[in-house]
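Here's a quick tour for anyone meeting this structure for the first time. Have a look at the sequence and the model, then read on.

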Amino acid sequence: MASLNLLPHPPPFSFSSSSFHRFRCNTLLLAPKLSQRRPSFLVKSAVGVAEPAAYSSGYAGDTSDSISSLKLNLLSAVSGLNRGLAANEDDLRKADGAAKELEAAAGLVDLSDGLDKLQGRWKLIYSSAFSSRTLGGSRPGPPIGRLLPITLGQVFQRIDILSKDFDNIVELQLGAPWPLPPLEVTATLAHKFELIGSSKIKIVFEKTTVKTAGNLAQLPPLEVPRIPDALRPSSNTGSGEFEVTYLDSDTRITRGDRGELRVFVIS
């Protein structure tokens with residue numbers, strides 16, 4: 001014990017305010033700045049080894065923003081074309097290209113899990129078939145323009161997923177000899193539809209009903225006699241197929257069995 005007392009004692013610890021200030025400054029100089037610190041996230045793998053987490057520069061809104069932009073491009077491409085009646089070859093190419101970009105970005109449509117999205121009254125804003133200057137497009141139909149005084153009004157599709165009704169509704173204005181006013185009529189082409197694939201629909205024609213509008217709106221609707229099968233052209237079978245290539249709550253794109261591109265918006 002005496003030998004322990006012979007050991008020299010360390011001088012008493014002294015920490016002045018100036019020393020503390022130098023120590024604090026040196027510590028801060030050695031410490032990394034907050035702006036230079038990079039967060040590190042670790043994900044535990046299946047084998048228990050810590051691995052760096054994958055980094056993504058995107059965010060959940062990227063896809064929806066891109067689709068919204070592509071929808072705007074498509075609507076812009078078909079605007080001013082009078083539903084396709086005024087479209088030339090360049091207009092047709094631009095509209096088709098804009099539709100293909102939107103279709104590719106959105107992916108395939110699956111109606112087997114979302115048939116209810118078809119429900120409602122849809123307004124046709126573009127049809128590539130109308131560029132042929134006939135209401136039937138690539139199928140036989142009455143011509144429009146100067147040969148016959150027929151003016152095309154609004155075109156709608158009314159779809160009921162419960163009754164399977166699929167009606168094409170066409171508003172027409174028929175010219176009349178002067179001084180009589182034009183005759184306004186609404187033709188309803190009634191069909192039944194069925195889903196024959198994840199995104200393909202088949203429609204079967206049933207009847208055509210014509211209803212006068214305007215001053216003659218009080219007249220009852222007239223059912224147009226159906227053309228006998230023996231007299232119907234082979235190209236007009238009374239049925240058709242088309243594929244829904246894009247569908248959301250307010251916009252629908254379809255491509256017909258003869259390549260017709262149609263764009264609809266909810267009415």
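The charged end of Arg121 sits over the ring of Phe156, 4.0 Å from its centre. For a charge to sit over a ring, NZ of Lys or CZ of Arg has to be within 6 Å of the ring centre and within 35 degrees of the ring normal. Arg252 lies over the face of Trp122, at 4.9 Å from the ring centre.

Keep in mind that this is a predicted model, where local features need pLDDT of at least 70 and side-chain atom pairs count only at pLDDT 80 or more, while totals for chains, interfaces and linings use all residues. Residues are numbered from 1 along each chain as its sequence is written, and side-chain values use heavy atoms, with hydrogens and water left out.

**Aromatic pairs**

- Rings of Phe, Tyr and Trp (its six-membered ring) pair if their centres lie within 6.5 Å; planes under 30 degrees apart are stacked, over 60 edge-to-face, and the rest tilted.
- By that rule, the count is two aromatic pairs.
- Phe166 and Phe242 have ring centres 5.6 Å apart and planes at 45°, so this pair is tilted.
- Phe166 is in strand 5 and Phe242 in strand 9, so the pair ties together parts that are 76 residues apart in sequence. Strands here are DSSP runs (E, at least two residues), numbered from the N terminus.
- Both Phe166 and Phe242 are buried, meaning under 20% relative accessible area, with exposed being over 50% and partly exposed in between (1.4 Å probe, protein chains only).
- Ring pairs also bring in Phe193, linking Phe166, Phe193 and Phe242 into a cluster.

**Nonpolar cores**

- A nonpolar core is a set of buried Ala, Val, Leu, Ile, Met, Phe, Trp, Tyr and Cys residues joined through side-chain atoms within 4.5 Å.
- The largest one has 24 residues, and Leu111, Leu118, Phe193, Ile201 and Val244 touch the most other members.
- At least two residues of this core come from each of strand 3 (120-127), strand 4 (150-160), strand 5 (165-174), strand 6 (183-195), strand 7 (200-212) and strand 9 (239-247).
- Strand 4 gives the largest share of this core, four residues.
- Apart from this core lies another, of 16 residues, including Ile67, Leu102, Tyr246 and Leu261.
- Leaving out residues up to four places away in sequence, Val244 touches Val109, Leu111, Leu118, Ser199, Ile201, Arg252, Ile253 and Thr254; contact means heavy atoms within 4.5 Å.

**Strand pairing**

- Two strands pair if DSSP finds at least two bridges between them.
- Strand 7 and strand 9 are antiparallel, paired over five bridges, and Ile203 has Gly240 in strand 9 as its bridge partner.
- Strand 9 and strand 10 run antiparallel, joined by five bridges, with Val244 partnered by Thr254 in strand 10. Three residues link these two strands in a hairpin.
- Strand 10 (residues 251-256) and strand 11 run antiparallel too, with five bridges. Thr254 has Arg262 in strand 11 as its bridge partner.
- The hairpin of strand 10 and strand 11 has four residues between them, and Gly259 in the turn has a positive phi of about 85°.
- Strand 3 pairs with strand 11 (residues 261-266) in the antiparallel sense over five bridges, and Leu124 stands opposite Phe264.

**Ser128**

- Ser128 is in the loop between strand 3 and strand 4.
- Ser128 has 17% relative accessibility, so it counts as buried.
- Apart from neighbours within four places in sequence, Ser128 is in contact with Leu92, Gly259, Glu260 and Leu261.
- A polar atom of the Ser128 side chain lies 2.8 Å from the backbone nitrogen of Leu261.

Terms used:
A polar contact is a pair of N or O atoms within 3.5 Å; within protein, one must be able to donate a hydrogen and the other to accept it, and residues adjacent in sequence count only if both atoms are side-chain atoms.
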